[in-house]
Amino acid sequence: MIRPRFLLGTLAALAAAGRPVSAAETHTMTPDELSLANRILAHENVVDGFGHVSVRDPHDAARYLLARSMAPALVTSADILTYSIATDEPFDPQGRVSYLERFIHGGIYRARPDVNSIVHSHTQSVIPFGVSQVPLRPIFHMAAFLGGGNVPIFEIREVAGDATNLLVSSQPLGDALARTLGAANVALMRGHGMVAVAGTLHEAVFRAYYTGRDAEIESEALRLGNPTFLSPGEAKAAAATQGGLVDRSWALWKTNVTPN
Ligand code: MN
C-alpha cells in the first residue's frame, strides 16, 4: 500500500519534472520492477558486470532502493536493499555488501527532488566524449532529453586531485557529481562512465539506453564529418513527446529478460 504522504510528494516531484504522471507510474518504483530494470540494462548492454540503478523508495521519499553489490544481470528482488538518502547507508543489510559508488545515488537524490530514479553505467560508447574535447550532444530525436547544450562532464580531479581510483566513493564526491549534473538529465564521468536521471524508473532506463545510442551515432557521424545536431528548439520539442513513449520500450525490453 502506498502511503498518502509519499504519493503526494512523489506526484509533486514528478510534476516538477515537467510532465503529468499517472498513478500507474508511481507504482513502478518497487523492488520487483527495480530488479527487472537491472536485468534489462544488462541485456541491452547499458551496464555489464558493473553499474547500478536505483529508485526513490515509494514508501518514503527520504530513502532509496538499490541492489546489493553484484552484477546487474543477476539481480533479483531479494537483492534489493533500502538506503538512507541522508547517509547512503543501508538500513538492514543483513551482511550484504553495498556498492562502493552508492554515494552517486544519495548525492543526486539530495540535490534533485524531481529525480526518482538514477542509472550509473560504464557504457563504452560515451567514454570518448568524457575524455576528449568533443562534447556529447543530441544527434537524433530519441536522445532529445540530452537538451540544447553540451552534456556536462564530471572531472573528479577538480575535487579530489589526480590520484583517485576515479570512483565516487564518498558523500563529498557524490555531492560534487550532483553539482556537475545540475539540472541536466545526464552527466558524463571522465574516464569512467555516466549517470542518467529521471522522474520515473522506466524513463531513467530509457535515457541511459538512448544516451549510449546517441554516443555511438555521434562517433560515427563525426567520422563522416561535420554532423548536424538537434537544435535547442528541436531537442525541447522532441523531448516533450518522449514521456508517453517510454513504456513502449520497456514493454519490449522486458520480454527479453527473466521475469520476476
Ligand atoms: Mn562506476
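1. Strand β4 is covered on both faces. Ser117, Val119 and Ser121 are buried on one side, and Ile118 and His120 are buried on the other. Buried means under 20% relative accessible area, exposed means over 50%, and partly exposed lies in between, with a 1.4 Å probe and protein chains only. Five of the five residues of β4 are buried, so the strand is largely enclosed by the rest of the structure. Helices (H or I, at least four residues) and strands (E, at least two) are DSSP runs numbered from the N terminus.

2. A word on the source. This is a predicted model, in which local features need pLDDT of at least 70 and side-chain atom pairs count only at pLDDT 80 or more, while totals for chains, interfaces and linings use all residues. Residues are numbered from 1 along each chain as its sequence is written, and side-chain values use heavy atoms, with hydrogens and water left out.

3. Now the sheet. Seven strands make up an open sheet, ordered β3-β2-β1-β4-β7-β6-β5, with mixed pairing. Two strands pair if DSSP finds at least two bridges between them. The edges are β3 (80–84) and β5 (153–154), each of which pairs on one side only.

4. Look at the partners of β4. Strand β4 (residues 117–121) runs antiparallel to β7 (residues 193–198), and five bridges join them. Val119 faces Ala196 in β7, and His120 stands opposite Val195 in β7. Strands β1 and β4 also pair in the antiparallel sense, over four bridges. There, His52 stands opposite His120 in β4.

5. Which strands do the helices touch? Helix α3 (residues 31–43) packs on the sheet and touches β1 (52–56), β2 (63–67), β3 and β4. Its direction makes about 155 degrees with that of β1. Helix α8 (residues 201–224) also packs on the sheet, touching β1, β4, β6 (186–189) and β7. The direction of α8 makes about 145 degrees with that of β7. Contact means heavy atoms within 4.5 Å. Axes are lines fitted to C-alpha atoms, for helices over the stretch in contact, and angles run from 0 to 180 degrees between N-to-C directions.

6. Next, the metal site. The manganese ion has Glu101 (OE), His120 (NE2), His122 (NE2) and His192 (NE2) as its protein donors, 2.0 to 2.2 Å away. Donors are N, O and S atoms within 2.8 Å of the metal (3.2 Å for Na, K and Ca); water is not among the atoms, so sites may look incomplete. Along the chain, the donors follow the spacing E-x18-H-x1-H-x69-H. His120 lies in β4 and His192 in the loop between β6 and β7, so this pair ties together parts 72 residues apart in sequence. Both His120 and His192 are buried.

7. Helix α4 deserves a look. Seven of the nine residues of α4 (residues 103–111) are buried, so this helix is largely enclosed by the rest of the structure. The buried residues are Phe103, Ile104, His105, Gly106, Gly107, Ile108 and Tyr109. Their cover includes β1, β2, β4, α7, β6 and β7.

8. Is Asp175 buried or partly exposed? Asp175 counts as partly exposed, at 27% relative accessibility. This residue sits in helix α7 (residues 171–181). Leaving aside neighbours within four places in sequence, Asp175 is in contact with Gly107 and Arg110.

9. Aromatic pairs come next. The whole structure holds seven of them. Rings of Phe, Tyr and Trp (its six-membered ring) pair if their centres lie within 6.5 Å; planes under 30 degrees apart count as stacked, over 60 as edge-to-face and the rest as tilted. Tyr64 and Tyr83 are stacked, at 5.2 Å centre to centre and 10 degrees between the planes. Tyr64 is in β2 and Tyr83 in β3, 19 residues apart. Both are buried.

10. One cluster stands apart as a topic. Ring pairs link Phe140, Phe145, Phe206, Tyr209, Tyr210 and Trp253. Tyr209 is buried at 16% relative accessible area, and Tyr210 is buried at 14%.

11. Last, charges over rings. Arg213 lies over the face of Tyr209, 4.7 Å from the ring centre. The charged end of Arg137 sits over the ring of Phe229, 4.0 Å from its centre. Such a charge counts if NZ of Lys or CZ of Arg is within 6 Å of the ring centre and within 35 degrees of the ring normal.
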